[in-house]
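Subject: Structure handover

Hello,

The structure is placed below. My notes on it follow.

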Amino acid sequence: MKAATAYINTEALTHNISQLRLQAPNSKILAVVKANGYGHGLAHVAQSLPDVDGFGVARIEEALTLRAGGVVKPVLLLEGFYAASDLPVLVTNNIHTVVHSIEQLEALEQTSLDSPVVVWLKIDTGMHRLGVRPEQLNEFVERLHACPNVAKPLRYMSHFGCADEVGSAVTLQQINTFLSLTKGCRGERSLAASAGILAWPDSHLEWIRPGIIMYGVSPFVEAERSAAAYNMQPVMTLTSSLIAVRDVKKGEQVGYGGIWTSERDTKVGVIAIGYGDGYPRSAPNGTPVLVNGRIVPMAGRVSMDMLTVDLGPDAEDRVGDEAILWGEGLPAEVVAEHIGTIAYELVTKLTSRVAMAYL
């Protein structure tokens, strides 16, 4: 009998990359492995993807972990460097950086480096989170071109704010703005992340940046745009075991706060996983769990180490049987919808108590 275990199917990961190449056959792939490979294990994910063209991370520590693990392909800091003191580290480890602010530009101009850094200039095309505004672009380009610490040619990128809303006028405007601003630029460009890859082919350009879809989870809420609809396979299957099967009478309450009352005589299964493992405490009654091939509803509040499900009065499930919280047979997107969150949050919030098993 095993407690909480996340099984990571690396064959599914490589399959998903092959499907993404079919979606964007003329683009290079920057596989986004930030946040510990979206909860799947940073080093293991990168080592399972020999056919991608580079990797995207959020923090310099993630980039250094990849280099320490033997990754030699390009690694891009998607938020850029945080301090001028990071720049020599980027040079030593051949790490690319986004530049999105005047502070980063000035640090590049004022620091003495042994060799130039590959820079991706981030343009704010409408999300208004990070990036150089269109009216600032020419100045940034001129100064970066003049800076000996910057490798030439520059590269360019932007990020969508509403790409998961198919038909979004905002996304179409962002595409047009980016294409207009980078027209005639010699450097390579990147605009499409997961939703852009699947729904906005005009945004593919020289590089695509798959994140959540690479792990077999759809960025869309519509059922007809599930990961399976794009022939993607779930990479993570989160499991645990039944540690008790109990008889509960009609009218009896289960768990902290008594938020679930049985409407019939039934059997309740206790599963060894809880918010101490990263399963959301906010999961309401009825959240689906897969036990022995059938969906059963959560019954009662998630506690630190356990959660309970209504197995039904005729259940034949036994202590030691496996329960699937999400993954193969139960998409993370479906679970997230019941909880009122997004699947990104589910897979990235698992704690170190969950065992990771790579298949």
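Which side chain meets that of arginine 189 in a salt bridge? The partner is glutamate 206, at 3.1 Å from N to O. A salt bridge here is a side-chain nitrogen of Lys or Arg within 4 Å of a carboxyl oxygen of Asp or Glu. Arginine 189 belongs to strand 8 (residues 189-192) and glutamate 206 to the loop between helix 9 (194-199) and strand 9 (207-208), so the contact ties together parts 17 residues apart in sequence. Helices (H or I, at least four residues) and strands (E, at least two) are DSSP runs, numbered from the N terminus. Arginine 189 counts as buried at 16% relative accessibility, while glutamate 206 is partly exposed at 27%. Buried means under 20% relative accessible area, exposed over 50%, and partly exposed in between (1.4 Å probe, protein chains only).

This is a predicted model: local features need pLDDT of at least 70, side-chain atom pairs count only at pLDDT 80 or more, and totals for chains, interfaces and linings use all residues. Residues are numbered from 1 along each chain as its sequence is written, and side-chain values use heavy atoms, with hydrogens and water left out.

Overall

The protein chain has eleven helices and 18 strands. Its C-alpha trace spans about 75 × 40 × 35 Å along the principal axes. Of its 359 residues, 53% count as buried.

Other salt bridges

The count comes to 13 salt bridges. One of them joins the side chains of glutamate 109 and arginine 143, at 2.7 Å from N to O. Glutamate 109 is in helix 6 (residues 102-110) and arginine 143 in helix 7 (residues 137-146), so this pair ties together parts 34 residues apart in sequence. Both ends are partly exposed: glutamate 109 has a relative accessible area of 33% and arginine 143 is at 24%.

Arginine 353 forms a salt bridge with aspartate 305, with the closest N and O atoms 2.9 Å apart. That pair links distant parts of the chain, 48 residues apart: the loop between helix 11 (343-348) and strand 18 for arginine 353, and the loop between strand 15 (294-297) and strand 16 (307-310) for aspartate 305.

Strand 1

In strand 1 (residues 5-8), Thr5 and Tyr7 point one way and Ala6 and Ile8 the other, and all are buried. Strand 1 runs parallel to strand 18 (residues 355-358), joined by four bridges; tyrosine 7 has alanine 357 as its bridge partner there. With strand 10 (residues 236-248) the pairing is antiparallel, also over four bridges, and isoleucine 8 stands opposite methionine 236. Two strands pair if DSSP finds at least two bridges between them.

Regards
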